[in-house]
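Here is a short briefing on one protein model. Keep the sequence and the 3D view open as you read.

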Amino acid sequence: FCANDTVSYSLSSVVLGQNGVWTGPGITTDSIFKVDSAGMGNHLIRHEITGLCGDWDTLRIKVKSAVIPLIDSIGPLCKGSDPFNLVATPVGGVWEDFGGGNTYISPSGSFNPVDSGYYQFVYSITTPCQASDTVSVIIENVPTTDFSVTPREGCAPLEVTLKNESSDSTGQLLWDFGNNETSIDTSGTVNQLYSTFGCFDITLTNSYSNGCTSQKTLLNGVCTYSRPKADFSWSPEILDIDNNQALFEDESFGDIAGWKWDFSNVVQPSQSSPTTTYRMVDPFYENSENPMVVFDSPSGDIVNVKLKVTNINGCSDSIIKPVTILDKFSVYLPNAFTPNDDGLNDKFFPAGRNLEFGGSYDFRIFNRWGTLIWMSKIPYQGWDGRVRELSPSSGEIAQEDVYVWRLIVVDPFTGEDYELVGTVTLMQ
């Protein structure tokens, strides 16, 4: 017998009717022998018949040590995990489902956790004694890992919003944005900036509270496109109120597919009154690549010209450059004057357009011998014909004669130095 045998066995003599007394280890009542009461060892059981012709005999019963199988611990297990073999000692036993059969486990112990649930399995050995052990296996259901990305494409740099839409709250998670950046933010919504252009695979890995892990990878989760670089030039570079037509040439790069020009942004406050306007010359539309533009400006202005370009992917860039339209600077002087206080042509002075803005203004009058007789550093201040610079100064009207004048002034728009010399006739 085996020590783990719990069955009660009935003993009897060979010759029927010879009912004596049974004694020995494991003997309980009358002729009942219980293995687990006797324990391991060689046990001598005695049967004795009393009386005048009594007799006795013995029976030797051997109780072997029972080997209890042990099953290695299992878990945690998750639905969809790789198939595996349950392990128990001693080897050589047979596995079956609790209640019999091999619906879920093979006789060798192979188990495939394709479905979540609660399973029980029995491992049995027959040598040296019949014995078994039972194990419970819980297969956890794996929550669904999912997420969304908005937007999926656009122009770099592009900021996208990623939303965790997994079916269960997670203990831990890991975002892999595909651009060498990761995040463990568990708030549910994360923002990510894609600074370079290209397509990026995004992966979300969840480690759930039940010990299961799952992940989702979105191939080409975000695709970004390069932006163009806007630039332009114009000729001639120097414009004025008369020479006011310019050809604008696009110098942008990056697969340009569209152009949008804006010539209406006059720097405020405007220098001209009325304000500077523009008109297109062939081609007559603002979305041409190289437009010709005429600026109508009464007295000059600065126009912030803007160009916006769009490439074949719909990405755009813009640039603003100031275009200066210069006012004109001009000087003219009469060749005679009559300082007789009749209110007509009494003073001699330079006149012109924007003369008052000229720098280093210096106007001088000389007699025929080259002697300075009058001077002024104030624009539009005229010579009244009197001698002022001789020492001592007479302050009298000079005699009728031809006098030499010299004007030094700087063009306020171009910075050009002017030194003009001429003659004027003083008439009484």
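Lys216 is partly exposed, at 25% relative accessibility; buried means under 20% relative accessible area, exposed over 50% and partly exposed in between, with a 1.4 Å probe and protein chains only. This is a predicted model, in which local features need pLDDT of at least 70, side-chain atom pairs count only at pLDDT 80 or more, and totals for chains, interfaces and linings use all residues. Residues are numbered from 1 along each chain as its sequence is written, and side-chain values use heavy atoms, with hydrogens and water left out.

**Salt bridges**

- Side chains of opposite charge can pair when their charged atoms come close.
- A salt bridge is a side-chain nitrogen of Lys or Arg within 4 Å of a carboxyl oxygen of Asp or Glu. By this rule the model has 11 salt bridges.
- One of them joins Lys216 to Asp146, with the closest N and O atoms 2.4 Å apart. Lys216 sits in strand E21 (residues 213-225) and Asp146 in the loop between strand E13 (131-140) and strand E14 (147-150), so the pair ties together parts that are 70 residues apart in sequence. Strands (E, at least two residues) and helices (H or I, at least four) are DSSP runs, numbered from the N terminus.
- Asp146 is partly exposed, with a relative accessible area of 24%.
- Another salt bridge brings together the side chains of Lys328 and Asp240, at 3.6 Å from N to O. This pair links distant parts of the chain, 88 residues apart: Lys328 is in the loop between strand E29 (316-326) and strand E30 (336-337), and Asp240 is in strand E23 (residues 239-240).
- Is Asp240 buried or exposed? Asp240 is buried, at 13% relative accessible area.
- Arg353 is partly exposed, at 32% relative accessibility.
- Asp362, Arg364 and Lys377 belong to one network, joined by salt bridges that share partners.

**Around Asp327**

- Asp327 is buried, with a relative accessible area of 9%.
- Which side chains make a polar contact of 2.8 Å with the side chain of Asp327? One belongs to Arg353, and another belongs to Asn354.
- A polar contact is a pair of N or O atoms within 3.5 Å; within protein, one must be able to donate a hydrogen and the other to accept it, and residues adjacent in sequence count only if both atoms are side-chain atoms.
- Leaving out residues up to four places away in sequence, Asp327 touches Ile241, Ser299, Gly300, Arg353, Asn354 and Phe413. Contact here means heavy atoms within 4.5 Å.

**Around Thr145**

- Thr145 lies in the loop between E13 and E14. Thr145 is buried, at 9% relative accessible area.
- The side chain of Thr145 makes a polar contact of 2.7 Å with the side chain of Tyr208. A polar contact of 3.1 Å joins the side chains of Thr145 and Asn206.
- Beyond four places in sequence, the contacts of Thr145 include Ser166, Leu204, Ser214, Gln215 and Lys216.
- Thr145 and Ser264 are 54 Å apart in space, C-alpha to C-alpha, and 119 residues apart in sequence.

**Pockets**

- Rolling a probe the size of a water molecule over the atoms shows where empty space is left.
- On a 1 Å grid over the protein atoms alone, a pocket is an open set of points where a 1.4 Å probe fits, with protein on both sides within 12 Å along at least five of seven lines; lining residues have an atom within 4 Å of a point.
- Grid points are joined across faces, edges and corners, and a volume is the space filled by probe spheres set on the points.
- The largest pocket holds about 310 Å³ of space. Its lining has 16 residues, and Ser13, Val14, Trp22, His47 and Asp57 are the closest to its centre.
- Strand E4 (41-49) and strand E5 (55-63) are the elements that give two or more residues to this lining. E5 gives the largest share, 5 residues.
- By class, the lining of the largest pocket has 8 nonpolar, 6 polar and 2 charged residues. Ala, Val, Leu, Ile, Met, Phe, Trp, Tyr, Cys and Pro count as nonpolar, Asp, Glu, Lys and Arg as charged, and the others, Gly among them, as polar.
- The second largest pocket holds about 150 Å³. It is lined by 14 residues, and Leu11, Asn19, Trp22, Ser31 and His47 lie nearest its centre.
- The lining of the second largest pocket divides into 5 nonpolar, 8 polar and 1 charged.
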